Amino acid sequence: VEVVTGVLDTFLIEPFVPHEQQDEYYICIQSTRVGEEMLFYHEGGVDVGDVDSKAERLQVPLLEEVTAATVTSQLITRVPLERQEKLASFLVTFLRVYRQLNFVYAEINPIVVDQTGRVTPLDLAAKIDETAAFLCQSQWGEVDFPAPFGRAEFKEEAFIRDMDAKTGASLKLTILNHKGRVWTMVAGGGASVVYADTISDLGFSHELANYGEY
């Protein structure tokens with residue numbers, strides 16, 4: 001993927017949903033410092049292009065709810081009238097679930113709304129806030145946080161991650177460069193960041209082998 005090489009070992013197989021190109025839309029919700037921002041574009045799919053420059057936007061402040069009427073008047077004005085009610089209801093619920101489950105980003109492209117009003121998300125990319133696990137673990141279910149694509153997890157990292165899941169403490173280990181010459185003793189979250197920053201400031205970031213905290 002671009003300049004990163006790795007092994008794809010997980011695939012999703014989904015049923016085909018017959019639809020027309022004009023049935024495809026784009027929706028995205030992203031968290032900001034002051035709330036959530038909803039983006040909508042009346043065309044979706046792989047050729048949607050630069051949605052940041054052309055999507056309709058709606059800012060929803062923290063602790064405020066969005067209504068179907070607001071969504072209809074500010075986001076989906078270019079959607080056929082007969083589809084607006086169902087789509088607006090879906091988007092209101094989408095934001096509510098986004099907040100309840102502590103998402104920080106969610107994009108559906110495309111989301112299909114057919115002539116009968118049936119709403120079908122065909123492809124979704126999302127990020128959740130791992131630090132909210134103590135609030136949402138039962139709702140998330142069995143969620144695994146794998147190593148980034150292109151970097152296989154070391155057995156030592158897996159061991160610490162397993163320990164972290166069984167304790168209320170914060171136990172973290174990330175191998176940044178297993179050939180590095182600078183290895184740090186793990187410390188509390190604040191101190192470990194200071195150590196890593198200091199090593200980088202001194203010009204040895206390329207030699208920093210690990211990051212850890214307890």
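The legends below describe close-up views of a predicted model. Residues are numbered from 1 along each chain as its sequence is written, and side-chain values use heavy atoms, with hydrogens and water left out. Because the model is predicted, local features need pLDDT of at least 70 and side-chain atom pairs count only at pLDDT 80 or more, while totals for chains, interfaces and linings use all residues.

**View 1. The largest pocket and its lining.** The largest pocket holds about 1100 Å³ of space (a pocket is an open set of points on a 1 Å grid over the protein atoms alone, where a 1.4 Å probe fits, with protein on both sides within 12 Å along at least five of seven lines; lining residues have an atom within 4 Å of a point). Its lining is made of 31 residues, and Glu130, Phe145, Arg161, Asp164 and Lys172 lie nearest the centre. Two or more lining residues come from each of helix H4 (133-140), helix H5 (155-165) and strand S7 (172-175), with H5 giving the most, seven residues.

**View 2. Helix H6 and its buried face.** Ser192, Ala196 and Ile199 of H6 are buried (under 20% relative accessible area with a 1.4 Å probe, protein chains only; exposed is over 50%). The buried residues of H6 fall within an arc of 65 degrees seen down the axis, so they line one face of the helix, whereas Gly190 and Asp201 on the other side are exposed.

**View 3. The end of H6.** Just after H6, glycine 203 takes a positive phi of about 90 degrees.

Terms used
Points joined across faces, edges and corners; volume = space filled by probe spheres on them. Helix = DSSP H or I, 4+ residues; strand = E, 2+ residues; numbered from the N terminus. Arc of directions from axis to C-beta.
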